[in-house]
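Open the model in your viewer and colour it by secondary structure.

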Amino acid sequence: MDEDVPAGSGITTVAGRLALGITLLAFGLGNTAVLDGVSAADASSIAQYVGGAALFVAGVVALREGDAAGGTAFSVLGALWFTWAVTDAGSGNGAGLFLLLFALAALSLTLAGGDRLGRGVYGLFFVALVLLAVAAFAENDALAKVGGWFAVAAGAVAWYAATAALAHWPTALSGRAAGRGVTATG
């Protein structure tokens, strides 16, 4: 497979990555508290409809098109985002447990393979969820902000991957390292 072409079923993958990117950016920015008066709870409607419903539908369509990896990722993440949006996790421990379980799904998606940008999104998301879970267990706002920034980074990578596919931007790094491939002639 060409590294410049995202894995998956074309427009379904793009739509799924856009939905995931928007959801992660809203969720991450809410956890960073960088925007005055905006919290993670404020992202729940985006998580419910964009992250939940839209991702789940993209997942089902991808599965129907034969894209097992994208279909699994988007439908699982859609179900989890929807659950997060409509469930009151209650105590810090309940929220921490939910985030840890969500992190396991992100870890599975990271290890499952796919293109580099997809693995990057899921890997960053995994780190964000682990940090946010530990922050919930420990009631540590500073750690929650760090986790939020990892979620923002994951959202930015997901958004870039989708936009790059639509705009035909590069999605793979060159195999040449700085200075490699240059030979001195004497």
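Which residues of the largest nonpolar core touch the most other members? In this predicted model, select Leu20, Leu77, Trp81, Phe102, Tyr122 and Phe125: these touch the most other members of a core of 33 residues. Helix 1, helix 2, helix 3, helix 4, helix 5 and helix 6 (141-167) each give two or more residues to this core. Helix 5 gives the largest share, 8 residues.

Next, centre on Tyr122 and show its contacts. Leaving out residues up to four places away in sequence, Tyr122 touches Leu20, Ala73, Phe74, Leu77, Ala106, Leu109 and Thr110.

Now select residues 68-86, which form helix 3. This helix has 19 residues and reaches 27 Å from its first C-alpha to its last, close to the 27 Å expected at 1.5 Å a residue. Which residues of helix 3 are buried? They are Gly70, Gly71, Ala73, Phe74, Ser75, Leu77, Gly78, Leu80, Trp81, Trp84 and Ala85. To see what covers them, show helix 1 (11-32), helix 2 (44-64), helix 4 (92-111) and helix 5 (116-138), which are included in that cover.

Finally, zoom out to the protein chain. Its secondary structure comprises 6 helices and 0 strands, in the order α-α-α-α-α-α along the sequence. Of its 186 residues, 40% are buried. Taking contacts between residues at least 6 apart in sequence, 69% join residues at least 24 apart.

Note on methods: Residues are numbered from 1 along each chain as its sequence is written. This is a predicted model: local features need pLDDT of at least 70, side-chain atom pairs count only at pLDDT 80 or more; totals for chains, interfaces and linings use all residues. Side-chain values use heavy atoms; hydrogens and water are left out. Helices (H or I, at least four residues) and strands (E, at least two) are DSSP runs, numbered from the N terminus. Buried means under 20% relative accessible area, exposed over 50%, partly exposed in between (1.4 Å probe, protein chains only). Contact means heavy atoms within 4.5 Å. The expected span of a helix is 1.5 Å times one less than its number of residues. A nonpolar core is a set of buried Ala, Val, Leu, Ile, Met, Phe, Trp, Tyr and Cys residues joined through side-chain atoms within 4.5 Å.
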